[in-house]
Amino acid sequence: MTEIQRGIMMLAVCLVLASCGSTPLEAVSDYDRSFDFTGVRSIAIQPIDRTELNNVRISDMQVQRINDALAAELQRRGFNVVADNAAADAFLTWHLVTDERVDVRSYNSMSYYNCWMCGPSVSDVSVKQYTQGTFIADLIDPERNKSVWRSTIESRLKANTDPGANAERREEAARAIFAGFPPG
């Protein structure tokens with residue numbers, strides 16, 4: 001194997017290893033520019049509608065953990081999280097939309113019979129099913145009963161039985177959701 005081939009092989013291995021790392025969550029936010037966010041100091045997290053089809057996958061325990069992560073991030077940012085809607089300057093509501101997807105990739109590779117790259121090319125197909133999740137958080141103006149701020153995160157959902165890793169991922173998502181909050 002020549003130095004150039006070895007260098008290309010090492011570069012390919014480094015790229016594969018780099019792509020295996022967890023990508024940081026990034027949220028996309030939008031808001032009503034006519035709304036005065038300086039008056040928002042207390043926020044009430046609204047219960048989610050358990051009759052929605054997309055929420056069937058979320059247990060009551062998971063809902064509470066997500067609410068706790070959102071509340072902790074709001075409090076870290078100096079907001080009061082209140083249980084009584086009458087005491088809130090705004091309401092926070094959220095939901096998760098899931099979509100089953102299929103990732104199909106085809107690869108052309110060389111056959112490794114007697115020598116390096118001297119055999120016929122071989123096609124390989126990889127099919128992976130996964131669940132794409134979109135987490136949507138809305139801040140509602142109670143006077144108008146309309147959303148004045150929205151933030152969304154899209155990510156592949158993975159089953160993880162490690163409670164510590166799950167808690168870290170929820171905290172990371174809450175930080176990403178509120179990264180641009182309050183706007184302006």
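Valine 125 counts as exposed because its relative accessibility is 55%, where exposed means over 50% relative accessible area, buried means under 20%, and partly exposed lies in between (1.4 Å probe, protein chains only). This is a predicted model, in which local features need pLDDT of at least 70 and side-chain atom pairs count only at pLDDT 80 or more, while totals for chains, interfaces and linings use all residues. Residues are numbered from 1 along each chain as its sequence is written, and side-chain values use heavy atoms, with hydrogens and water left out.

- Valine 125 belongs to strand S5, strands being DSSP runs of E with at least two residues and helices runs of H or I with at least four, numbered from the N terminus.

**Overall chain**

- The chain holds 3 helices and 6 strands, arranged along the sequence as α-β-β-α-β-β-β-β-α.
- Of its 184 residues, 29% are buried, and the chain exposes about 12,400 Å², of which carbon and sulfur atoms supply 53%, with areas taken from the Shrake-Rupley method with a 1.4 Å probe.
- Among contacts (heavy atoms within 4.5 Å) between residues at least 6 apart in sequence, 72% join residues at least 24 apart.

**A covered strand**

- Strand S2 (residues 42–45) is covered on both faces, with Ser42 and Ala44 buried on one side and Ile43 and Ile45 buried on the other.
- S2 runs parallel to strand S3 (residues 80–82) and is joined to S3 by 3 bridges, where pairing requires that DSSP finds at least two bridges between two strands.
- Within this pair, alanine 44 stands opposite valine 82 of S3.

**Backbone exceptions**

- Most residues other than glycine have a negative phi, and most peptide bonds are trans.
- Asparagine 145, in the loop between S5 and strand S6 (146–157), has a positive phi near 55 degrees, and asparagine 145 is exposed, with a relative accessible area of 61%.
- The peptide bond from phenylalanine 181 to proline 182 is cis, with omega near -10 degrees, and proline 182 is found in the segment after helix H3 (163–177).
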